[in-house]
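Please open the model in your viewer and keep the selection tool at hand. The tour moves from one selection to the next, and at each stop it says what is there.

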Amino acid sequence: MNETLKRGISGAVYVILLIASIYYSTETFFLLFGIFLIIAVFEFCSLVRLPVIFPVLLSLSAYGTISYMLFSDIRLDRNFDLALLALTMLVSIKGIIFLFSRNRDTVSTFSKYAYLAGYIILPFVIITKIPFGIKGYNPKILIGIFILVWTNDTFAYLVGKSIGRHKLYERISPKKTIEGFLGGVAFAVLAGFLISKYYIEGGKLAQNIWIGFALIMSVFGTIGDLIESKFKRIAGVKDSGKIMPGHGGILDRLDSVIFAAPFIFLFYQILNFI
């Protein structure tokens with residue numbers, strides 16, 4: 001089969017499955033992202049050479065506990081959310097330092113488990129909390145965030161390919177350019193504006209929130225993609241897995257979202273506070 005056709009078909013199946021599962025019910029949403037989490041854990045363990053049994057049990061326990069609480073309508077204390085967020089943010093900062101450090105081409109055992117918890121498992125837990133607002137489960141929130149991701153990725157590629165001249169971070173990702181990055185940000189902001197105006201209507205406040213989401217998603221999503229690229233470079237592989245023909249693994253598809261999700265959730269918390 002033609003590689004472009006194969007890539008198009010697998011990408012379309014992924015998008016349809018994702019949107020259908022998020023929209024259909026909370027059960028299908030939690031089930032799909034639970035499956036994504038387990039696959040991502042397998043892929044990450046393969047990248048960093050970790051035994052997989054304990055990480056899978058840990059991820060199932062964490063994800064299963066949060067899922068049970070949400071389905072049982074058990075209200076978690078706000079301090080629990082903040083503690084969860086703080087732990088994840090600490091690992092995120094560690095990941096950014098790791099990305100830009102020129103002297104770190106190996107990952108210690110402690111760091112592997114820290115990244116497993118704060119770079120893989122906890123961000124998936126946070127993703128499940130994002131669609132739940134004051135009025136309960138709202139699938140449009142998560143769909144809107146994925147639209148921002150896809151817009152950013154698509155236009156970063158198109159703009160970079162068309163007019164990209166200056167490398168963004170050539171040592172880790174030779175194809176990314178500054179022009180492509182800025183183009184992705186600009187079109188993601190436009191998408192955020194359109195989402196707030198025509199998809200999730202909420203006036204001026206909603207516009208500002210979704211433009212904020214777009215900026216967070218573009219900046220931290222790109223960083224998340226680069227961090228995964230560094231893990232792959234250290235492992236000497238092109239893709240995190242082979243589950244999606246032409247696209248690689250689940251981590252290759254979700255690296256931007258899982259890294260940016262804690263920052264979006266932090267933005268949520270700040271908005272609630274003020």
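Select Tyr-14 and Phe-36 to begin: Tyr-14 is buried, and Phe-36 is buried as well, where buried means under 20% relative accessible area, exposed means over 50% and partly exposed lies in between, with a 1.4 Å probe and protein chains only. This is a predicted model, in which local features need pLDDT of at least 70 and side-chain atom pairs count only at pLDDT 80 or more, while totals for chains, interfaces and linings use all residues. Residues are numbered from 1 along each chain as its sequence is written, and side-chain values use heavy atoms, with hydrogens and water left out.

Stay with these two rings, which form an aromatic pair (for Phe, Tyr and the six-membered ring of Trp, centres within 6.5 Å; planes under 30 degrees apart are stacked, over 60 edge-to-face, the rest tilted). The ring centres of Tyr-14 and Phe-36 are 6.2 Å apart and the planes meet at 35°, so the pair is tilted. Because Tyr-14 belongs to helix α1 (residues 3-24) and Phe-36 to helix α2 (residues 26-48), the pair ties together parts that are 22 residues apart in sequence; helices here are DSSP runs of H or I with at least four residues, strands are runs of E with at least two, and both are numbered from the N terminus.

Next, select Phe-213 and Phe-267, an edge-to-face pair with 5.7 Å from centre to centre and 75° between the planes. Phe-213 lies in helix α8 (residues 203-235) and Phe-267 in helix α9 (residues 250-273), so this pair links parts that are 54 residues apart in sequence. Phe-213 counts as buried because its relative accessibility is 2%.

Now move to Ser-59, which is found in helix α3 (residues 53-71). Is Ser-59 buried or exposed? Ser-59 counts as buried, because its relative accessibility is 0%. Leaving aside residues up to four places away in sequence, Ser-59 touches Leu-37, Ile-38, Val-41, Gly-64 and Ile-121, where contact means heavy atoms within 4.5 Å.

For the last stop, select residues 167-169 and 173-177, which are strands β3 and β4, running antiparallel and joined by two bridges; two strands pair if DSSP finds at least two bridges between them. Which residue in β4 is the bridge partner of Lys-167? The partner is Thr-177, and the two strands β3 and β4 form a hairpin with three residues between them.
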